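Please walk me through this protein model.

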Amino acid sequence: MAALALAFLALTAVPAVLCQAPGPAAPKGPPNVTAILEKGGQYTTFIRLMKSTQQDTQLNSQLNNSFGSGYTVFAPTDNAFASLKPGTLNKLSQQEQVSLVQFHVLPQFYSLDSFETASNPVRTQASGSDGPYTLNITADSNSQVNVSTGVVATRLGTALRATQPLAVYSVDTVLLPNDLFGVKPPSAAPPAPAKKKPAKGGSVAEAPSAGDSADAPPSGAAAARAGWSSLAALLLGAAACSTLL
């Protein structure tokens with residue numbers, strides 16, 4: 001009995017705090033798009049492109065400070081970039097590379113189900129002189145989500161994350177904006193030079209060449225002078241003959 005009493009006393013001496021239920025877990029921080037892509041394991045080129053254009057920092061900052069409608073990222077795999085023509089990325093200016101990355105980001109959170117009611121064209125983060133770059137997004141009867149840029153088309157793959165405020169979906173094709181990679185319309189041909197109209201009453205006279213001036217018949221004044229010279233010569237000759245006689 002004494003042993004049981006001692007055990008009871010020991011149990012009652014345990015601090016009450018040890019008997020309390022554990023408190024709620026500390027809230028997680030905002031999502032980090034770079035960490036999500038690194039965990040995916042096949043997005044090295046897209047990560048490098050985001051970092052070189054500083055779009056990873058910008059998106060993470062927006063996720064940290066924004067309480068809006070969230071964001072959706074379409075992440076091309078390394079194989080998708082490897083399928084591009086050699087030099088495709090190097091031919092782009094720094095600003096065009098920024099636009100290419102932003103073209104893969106939608107300024108709204110989309111779950112797979114919400115794509116079914118998306119209103120096309122869907123605006124992206126990229127924009128140019130003609131306004132925002134847009135995509136066409138549709139869902140078929142097999143719950144497959146199709147994305148078209150006007151240059152390429154693909155289907156959404158694995159969802160690397162699909163929780164507010166950020167959704168990240170894998171794609172096996174680099175989304176090429178029509179504004180950067182579309183067929184440019186042919187430039188207009190320069191207008192033909194206007195033809196000179198002839199003067200009224202005849203065609204435009206051409207200036208005579210030097211050779212033509214030498215062979216041209218004498219003018220009226222020159223002919224008169226030549227006639228007087230001939231007449232004077234004849235008169236002198238007649239006077240000479242009369243003197244001899």
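Which backbone oxygen does the side chain of T53 reach? The side chain of T53 reaches the backbone oxygen of M50, at 3.2 Å. Keep in mind that this is a predicted model, so the distance is computed from predicted coordinates.

Now place T53. The residue sits in the loop between α3 (44-52) and α4 (55-65). Is T53 buried or exposed? Its relative accessibility is 6%, so T53 counts as buried; the cut-off for buried is under 20%. Leave out residues up to four places away in sequence, and T53 touches Q94, Q97, V98 and V101.

The next residue in this walk is Q54. Q54 also lies in the loop between α3 and α4. Q54 is exposed, with a relative accessible area of 58%. The cut-off for exposed is over 50%. The backbone of Q54 deserves a look too. Its phi is near 65 degrees, a positive value in a residue other than glycine. Most residues other than glycine have a negative phi.

Go on to helix α6 (residues 94-102). Which residues of α6 are buried? They are Q97, V98, S99, L100, V101 and Q102. What covers them? The cover includes α3 and α4. It also includes the strands β2 (105-106), β3 (122-128) and β4, as well as α7 (178-181).

Take α3 and α6 as a pair. Their axes come within 9 Å and cross at roughly 125 degrees. That angle makes α3 oblique to α6. The crossing of α3 past α6 is left-handed. On the α3 side, the contact is made by F46, L49, M50 and S52. On the α6 side, Q94, Q97, L100 and V101 take part. By class, the residues of this contact divide into five nonpolar, three polar and no charged.

Helix α3 has another partner, α2 (residues 33-40). How do the axes of α2 and α3 cross? They come within 10 Å and cross at roughly 160 degrees. The two helices are therefore roughly antiparallel to each other. The cut-off for that label is an angle over 145 degrees. The crossing of α2 and α3 is left-handed. In α2, the residues that meet α3 are V33, T34, L37 and E38. They meet F46, I47, M50 and K51 in α3. This contact has five nonpolar, one polar and two charged residues.

Move on to the strands. T134 lies in β4 (residues 131-139). At 32% relative accessibility, T134 counts as partly exposed. Which residues does T134 contact, leaving aside its neighbours within four places in sequence? They are F103, P121, V122, R123 and T124. F103 is 31 residues from T134 along the chain. The C-alpha atoms of T134 and F103 are separated by 7.9 Å.

P121 is found in the loop between β2 and β3. What kind of peptide bond joins N120 and P121? The bond is cis, with omega about -5 degrees. A cis peptide bond also joins Q164 and P165, where omega is about 5 degrees. P165 lies in the loop between β6 (153-163) and β7 (166-171). Most peptide bonds are trans.

S143 has a positive phi, near 60 degrees, and is a residue other than glycine. S143 lies in the loop between β4 and β5 (145-148). With a relative accessible area of 55%, S143 is exposed.

Finally, step back to the whole chain. The secondary structure comes to nine helices and seven strands. Of the 245 residues in the protein chain, 28% are buried.

Key. Residues numbered from 1 in each chain as written. Predicted model: local features only at pLDDT ≥ 70, side-chain atom pairs only at ≥ 80, totals over all residues. Heavy atoms only, no water. Helix = DSSP H or I, 4+ residues; strand = E, 2+ residues; numbered from the N terminus. Buried < 20%, exposed > 50% of the residue type's maximum accessible area, 1.4 Å probe, protein only. Polar contact = N/O pair within 3.5 Å; in protein donor to acceptor, adjacent residues only side chain to side chain. Contact = heavy atoms within 4.5 Å. Axes fitted to C-alpha atoms, helices over the stretch in contact; angles between N-to-C directions. Parallel < 35°, antiparallel > 145°, perpendicular 65-115°, else oblique. Left-handed = near helix turned anticlockwise from the far one by under 90°. Nonpolar A, V, L, I, M, F, W, Y, C, P; charged D, E, K, R; others polar.
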